[in-house]
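Please look at the sequence and the structure first.

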Amino acid sequence: MSFQAQQIHRAFGGTQVLEGVSLTVEPGEFVALLGPSGSGKTTLLNIIAGLSIADAGRLVFDGEDITDLPAGKRHFGMVFQNYALFKHMTVAQNISFGLRMLPRSTRPSRREIADRTRAYLEMIELPDLADRYPAQLSGGQKQRVAMARALAIRPRLLLMDEPFSALDAQVRQSLRGSVRALQKQVGVGTVMVTHDRAEALDLADKIAVMDHGRIVQFDTPENLRANPATDSVRALLA
Amino acid sequence: MARRFLIALAVGFLALMVLAPLIAIFHRAFADGAGMYLAAISEPETLAAMRLTVIAALVVLPVNVIFGIAAAWAIARYRFFGRRALLILIEVPFAVSPIVAGLCFLLIYGAYGPVGAALEPYGIQLMFNLTGIVLVSLFVTCPFVMREVLPVLMVSGAEEERAALGLGANGWQIFRHIVLPNISWGLAYGVVLTTARAMGEFGAVSVVSGAIRGETMTLPLQIELLYNDYNATGAFAAATVLTALALVTLVLRGLLDRFGAQRKASI
């Protein structure tokens, strides 16, 4: 169940934002896209999610070409930078949204949806907050609800856009561990966008260092430190 | 001192300019007794005018709700050629005098206008009937829903819509579960304003209605007609009905305000 992006190109207006980016995510692997702002990492994530369209290149999941598959049919879970929780829905309604929107033929029964929602609430250790609204949650709680909502559709791939950037430093540290633990528990391949090298080093199995629309180096944290391909990678990891 | 003066000024002005005329309407309507009042508002012509006014408003409302949401959506979510022009164009009905609007419609859709003349051989007449009244009312009220919905759409929801899309919701589900709840209060205001204006419009409707008694007279036109006929009781009795309709929409708006504020506070 590996995912591949092959030679992805994307331009906005006259500016080339992605210039032939290729990336492989193995099953259960945690990949971080690390780079400064403007390096194209969020654009790449949006293309993988299907929220943006590549000018050229292919996306392949498990041998299937999903380049032209609409976002909703990809079955990828997405955690947005500001979580994008549904304001007017409770925590439980947020988490169950993906299940409730399934066509009748494949939708689980009401009871099963409720059971699964409760299971995810317990997984994120917020079993008592089912009936709260997003505005009544702390930043860390919102982040975990966003995570549960993405995982509840049993995604084939989990995508996270700067999932810790809206949190203060202390919460950020403690949530890192729980995000990694959740991801391991579910065993879903994950792509996380970040500009924070400590975050990438701490969480990722592999890091794709991005700069000016290209992946400069794609390797494990250990190898990146041992053999940085360029001075910029060396500087980034120093 | 200054405070008292300001309050007195505000209250005095409103009393003279708003409250006194309102009371006068009801006072004059009942001046000849409740029996005369009841007789006046149950006149067949007046009843026909009420019916026409309500029917026209009921046709105008859904059309403008659909158009208003569609236009607001397009302007809020997409960048396209002519977007700014659309924004300005939609304000035109606010700026143009309604009577001018009525004349413009007559020029185009009347029997001697290009569209009216083209349709005439088929026996289709657009002006001087319900169609004409609906058309100009649409023109006059088309900015309301869009103006109320657009700001709400601009500040909220784009990310939520993307999230819903990624979770597998289709276009209709996104609209039903994400967009509609987000815009509901703006939409409700737009509906109230559109209804009030559609029922109260005089200038534009007077040009295209054709003024056939008991057939193409809306309530505002009927009121003027009765008044010009020296039927003051009839005119003021009909006016109380129109005023009551307007007050109902105002009360609805007030309730929405209160309920909306509470809802927001509780979330």
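Predicted model: local features only at pLDDT ≥ 70, side-chain atom pairs only at ≥ 80, totals over all residues.

The strands involved are strand 3 (residues 30–34) and strand 9 (residues 206–211) of chain A, which pair in the parallel sense over four bridges.

Strand 9 of chain A also pairs with strand 10 (residues 214–219) of chain A, here in the antiparallel sense and over five bridges. A:Ala208 has A:Phe218 as its bridge partner in strand 10 of chain A. Strands 9 and 10 of chain A form a hairpin with two residues between the strands, and A:His212 takes a positive phi near 45 degrees in this hairpin.

## The whole sheet

These pairings belong to an open sheet of six strands in chain A, with the order 6-7-8-3-9-10 and mixed pairing. Strand 6 (76–79) and strand 10 of chain A are the edge strands, each pairing on one side only. On average, neighbouring strands of the sheet are turned by 15 degrees against each other, direction ignored.

At the edge formed by strand 6 of chain A, the partner is strand 7 (residues 157–161) of chain A, paired in the parallel sense over four bridges. A:Gly77 has A:Leu158 of strand 7 of chain A as its bridge partner.

## Contact between the chains

Chain A gives 18 residues to the contact and chain B gives 15 residues. On the side of chain B that touches chain A, helix 9 (158–166) and helix 10 (171–200) of chain B each supply at least two residues. Helix 9 of chain B gives the most, with seven residues. By type, the residues on this side of chain B are eight nonpolar, four polar and three charged.

Key
Residues numbered from 1 in each chain as written. Chains lettered and ligands numbered in written order. Contact = placed C-beta atoms within 7 Å. Nonpolar A, V, L, I, M, F, W, Y, C, P; charged D, E, K, R; others polar. Pairing = 2+ DSSP bridges. Axes fitted to C-alpha atoms, helices over the stretch in contact; angles between N-to-C directions.
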